[in-house]
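Here is a quick walk through one protein model, from a single residue out to the overall fold. Have the sequence and the 3D view open as you read.

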Amino acid sequence: MAGTLKNVTDADFETEVLKSTKPVLVDFWAEWCGPCRQIAPSLEAIAAEYGDQIEIVKLNIDQNPGTAAKYGVMSIPTLNVYQGGEVVKTIVGAKPKAAILRDLSDFVGGPTA
């Protein structure tokens, strides 16, 4: 799965994210968003390293405005972590991989290597 993150839509958000048995980080992004593209490699690396502990998916806000509006996503990139159908963590803005991992420390343990 490394290199490409799964895309979710308004239609499958409930099934893919809210009903997931493990935490899911949703990357709210858009094609025109430079910072969104900037953090994509970090998210792909985290997904490759910690995919057994947390699922990472992308939601294009231009193609799926309903979900973004429902969760009050006003600026992107916004990373929401969902657990048990609820938002349990929100990270706004582009950050380096290490900072994102610090923010996710409640959900991912040490390296799985």
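Let's start with Ser42, which is buried, at a relative accessible area of 15%. Buried here means under 20% relative accessible area, exposed means over 50%, and partly exposed is in between (1.4 Å probe, protein chains only). Keep in mind that this is a predicted model, where local features need pLDDT of at least 70 and side-chain atom pairs count only at pLDDT 80 or more, while totals for chains, interfaces and linings use all residues. Residues are numbered from 1 along each chain as its sequence is written, and side-chain values use heavy atoms, with hydrogens and water left out.

**Helix 2**

Ser42 belongs to helix 2, residues 34-50. Helices (H or I, at least four residues) and strands (E, at least two) are DSSP runs, numbered from the N terminus. Leaving out residues up to four places away in sequence, Ser42 touches Lys97 and Ile100; contact means heavy atoms within 4.5 Å.

An α-helix has 3.6 residues a turn, so residues three or four places apart point the same way.

Leu79 sits in strand 4 and is buried, with a relative accessible area of 1%. Setting aside neighbours within four places in sequence, its contacts include Ile39 and Leu43, as well as Leu25, Val26 and Ile100.

Now for the rings. The whole structure holds three aromatic pairs. Rings of Phe, Tyr and Trp (its six-membered ring) pair if their centres lie within 6.5 Å; planes under 30 degrees apart count as stacked, over 60 as edge-to-face and the rest as tilted. Phe13 and Tyr82 make an edge-to-face pair, because their ring centres are 5.3 Å apart and their planes are at 85°. This pair links distant parts of the chain, with Phe13 in helix 1 (residues 13-18) and Tyr82 in strand 4, 69 residues apart. Tyr71 and Tyr82 are also edge-to-face, at 5.1 Å centre to centre and 80° between the planes. Tyr71 comes from the loop between helix 3 (65-70) and strand 4, so this pair ties together parts eleven residues apart in sequence. Phe13, Tyr71 and Tyr82 form one aromatic cluster.

Here is how exposed the cluster members are:

| Residue | Relative accessibility | Class |
|---|---|---|
| Phe13 | 4% | buried |
| Tyr82 | 1% | buried |
| Tyr71 | 23% | partly exposed |

Elsewhere, the charged end of Lys58 sits over the ring of Trp29, 4.6 Å from its centre. To count, NZ of Lys or CZ of Arg must be within 6 Å of the ring centre and within 35 degrees of the ring normal.

**The whole protein**

Zooming out, the protein has four helices and five strands, running β-α-β-α-β-α-β-β-α from the N terminus. Its C-alpha trace spans about 40 × 30 × 25 Å along the principal axes. Buried residues account for 42% of the 113 residues. Among contacts between residues at least 6 apart in sequence, 72% join residues at least 24 apart.
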